[in-house]
Amino acid sequence: MAAEEEVLAEVEAVEAVYGGDCLVLNSFPPHLHISMKPRTADVSFEQFVEATIKIIASPQYPKEPPCIDLVDCKGLDEQRQKHLLSCIREKAHELSSCLMLVTLCEEAVEKLSAMNHPDGDCPLCLYPLVPEDQQNETLPFMKLMSCFHCFHSECIIRCWHWLQNTKETDSASSAGAAGRPTQNMENRKDMHGKMKEGAGNCPVCRKPFHAKDLEHVLDLVGSHSSSQSSLDSKLPTGDEKLLVSESEITRRLKFEAILKLQEENSGLIEPKRDLVVLPGMFLPQPVTTSTKESAEQQEKDPSAVASGKHASGNSNGPSSSGHRNFGARKQRVRSDHHSKGHSSRKPVQQWVRKENANGK
Amino acid sequence: MTSSSASARKALSKIACNRLQKELVEWQVNPPAGFKHKVTDNLQRWVIEVTGAPGTLYANETYQLQVDFPEHYPMEAPQVIFLHPAPMHPHIYSNGHICLDILYDSWSPAMTVSSICISILSMLSSSTVKQRPEDNDRYVKNCRNGRSPKETRWWFHDDKV
Ligand SMILES: [Zn+2]
Ligand SMILES: [Zn+2]
């Protein structure tokens, strides 16, 4: 049957285009899973969305348009998922009775490319990752590789430091709590078992991520970004020192090699590069917590969480924490970081990583 | 000194303030179903009215939640308790303290007042029996000095309510 041959040839064409990203579950009638990345994302840190769509055609295809659905996706909220799907389905109806598989895939990639920017708000501060109106500054943000959840770099780093500090506090208080029933200790391990040294969990989906991911951001925030000539105007070098503590610098060096590797292996995240920073600009949300806060923090008691039996009796007052100086460290630097009214909805330009052009 | 009620009274940090204002606006636009925020000018303490979901043991009953935000919200979890009278529930003590992991160990700074409310309502809704936790009396006695639930060492049971 001529029609069937044509369809088979079409499936082959899709396979040829998408290679390993195309899974043919059935050739006729076609049943395909195709994993798609935005066209604008040749390297992982330019990528904020991805999707696997399935196309299931009936024997009547192409007279009857195929069913199209999402198998999996990252970086797309429900609304954007719907949008993506309805675009492809619409296209399928338009093309009714034509061979359309290749075109549908193209359409999907096209739409995905147009959506290749993080959407919505930073889950930590609830301010938009990419402001709608161009009056507002875009803060540098980052993406966790495992789940594509995005955060302002500053917000996730603050969160990270808080976790690290809580851990220290915890181990301090558990050392002082040797007399407690072992049951408690075990449960404590349970609770914080996820936060092993050098690892944390995504605040949104709790998928584990590694220190390296954050180190990378620190790297950018610290030495790297300041070496960019376009950013020269902003940072007095003194401020940078506040950003990373000695130990972080050490760790950073240690991880440098790994980072390189990881970057190449699609390990990471990248804040936007086309920031234009002007001195004296201020953030939409004030983030300078400054020394006063960190001083307060040192007095503050940690509410160390321990566990008992359901609700156990009295807890010992949590032991006082040592130094909690994480609060102020990086914020000063970030608060001077700004982008200026660039075209924030033009993914193609927006996400291009300059270095990349030089071939890596 | 060590009580977190004292620390809760510490003024909100700027970050906390901004975040809460954002949450409040979002709440006004899109409040979680079954909840009503009682308007006050106190950003640091929210009182929220919750109405039991239809078809559950708490249908048509109304309770009040008091949410106190610490200085470093959302890094630190807010303190959430039921005001008197607290609903009869196997995970809710008569003094209003709630045994719910996300309020303590499992708190994440990506959670919001809204998401807490939804969790609490679902905890209420899934209850099959109106009763206090087994250790209610002992626990409440231990809390007489006004201890915050955040100082309690919680042991979370399975989710069978
Ligand atoms: Zn943020
Ligand atoms: Zn995530």
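Select B:Asp68 and B:Gln79: B:Asp68 stands opposite B:Gln79, which belongs to strand S4 of chain B. Strands here, like helices, are DSSP runs numbered from the N terminus, with at least two residues (E) for a strand and at least four (H or I) for a helix. The model on screen is predicted, so local features need pLDDT of at least 70 and side-chain atom pairs count only at pLDDT 80 or more, while totals for chains, interfaces and linings use all residues. Residues are numbered from 1 along each chain as its sequence is written, chains are lettered from A and ligands numbered from 1 in the order in which they are written, and side-chain values use heavy atoms, with hydrogens and water left out.

**The strands of chain B**

Now select residues 62-68 of chain B, strand S3. How many of its seven residues are buried? Five are, so S3(B) is mostly covered, where buried means under 20% relative accessible area, exposed means over 50%, and partly exposed lies in between (1.4 Å probe, protein chains only).

Seven bridges join S2 to S3(B), and the two run antiparallel. To see one pairing, pick B:Ile48, whose bridge partner in S3(B) is B:Leu65.

Next, pick B:Gln44, which sits in the loop between strand S1 (35-38) and S2 of chain B. Its relative accessible area is 16%, so B:Gln44 counts as buried. Show its side chain together with the backbone of B:Lys10: the backbone oxygen of B:Lys10 lies 2.7 Å from a polar atom of the B:Gln44 side chain. A polar contact is a pair of N or O atoms within 3.5 Å; within protein, one must be able to donate a hydrogen and the other to accept it, and residues adjacent in sequence count only if both atoms are side-chain atoms.

**Chain B as a whole**

Of the 161 residues in chain B, 57% are buried. Among contacts in chain B (heavy atoms within 4.5 Å) between residues at least 6 apart in sequence, 60% join residues at least 24 apart. Chain B exposes about 7,300 Å², and carbon and sulfur atoms supply 52% of that area. Accessible areas come from the Shrake-Rupley method with a 1.4 Å probe; for residues, only the protein chains shown count as cover.

**Chain A as a whole**

Switch to chain A, which contains 13 helices and eight strands. Buried residues make up 51% of its 360 residues. Of the contacts in chain A between residues at least 6 apart in sequence, 69% join residues at least 24 apart.

**The zinc ion, ligand 1**

Select ligand 1 in the viewer. Which protein donors hold positions 2.1 to 2.4 Å from this zinc ion? They are A:Cys122 (SG), A:Cys125 (SG), A:His152 (ND1) and A:Cys155 (SG). Donors are N, O and S atoms within 2.8 Å of the metal (3.2 Å for Na, K and Ca); water is not among the atoms, so sites may look incomplete. Along the chain the donors of ligand 1 follow the spacing C-x2-C-x26-H-x2-C.

The four donor atoms subtend angles of 93 to 116° around the zinc ion (ligand 1), so the arrangement is tetrahedral; four donors count as tetrahedral if all angles lie between 85 and 135 degrees. The ideal angle for four tetrahedral donors is 109.5 degrees. A:Cys122 is buried at 0% relative accessibility, and A:Cys125 is buried at 9%.

**The zinc ion, ligand 2**

Move to ligand 2. Its protein donors are A:Cys147 (SG), A:His149 (ND1), A:Cys202 (SG) and A:Cys205 (SG), at 1.9 to 2.3 Å. The site of this zinc ion is tetrahedral, with angles of 101 to 115° among the four donor atoms. The donor spacing along the chain is C-x1-H-x52-C-x2-C. A:Cys147, in the loop between strands S5 (141-143) and S6 (150-152) of chain A, and A:Cys205, in the loop between strands S7 (199-201) and S8 (208-210), are 58 residues apart and link distant parts of the chain. A:Cys147 is buried at 9% relative accessibility, whereas A:Cys205 is partly exposed at 35%.

**Last stop: A:Gly75**

Finish at A:Gly75, in the loop between strand S4 (67-74) and helix H2 (78-94) of chain A. Its relative accessible area is 27%, so A:Gly75 counts as partly exposed. The C-alpha atoms of A:Gly75 and A:His149 are 6.4 Å apart, although 74 residues separate the two along the chain. Leaving aside neighbours within four places in sequence, A:Gly75 is in contact with A:Phe48, A:Val49, A:Arg80 and A:Phe148.

Conventions. Tetrahedral: all angles 85-135°; square planar, octahedral: opposite > 155°, others 65-115°. Pairing = 2+ DSSP bridges.
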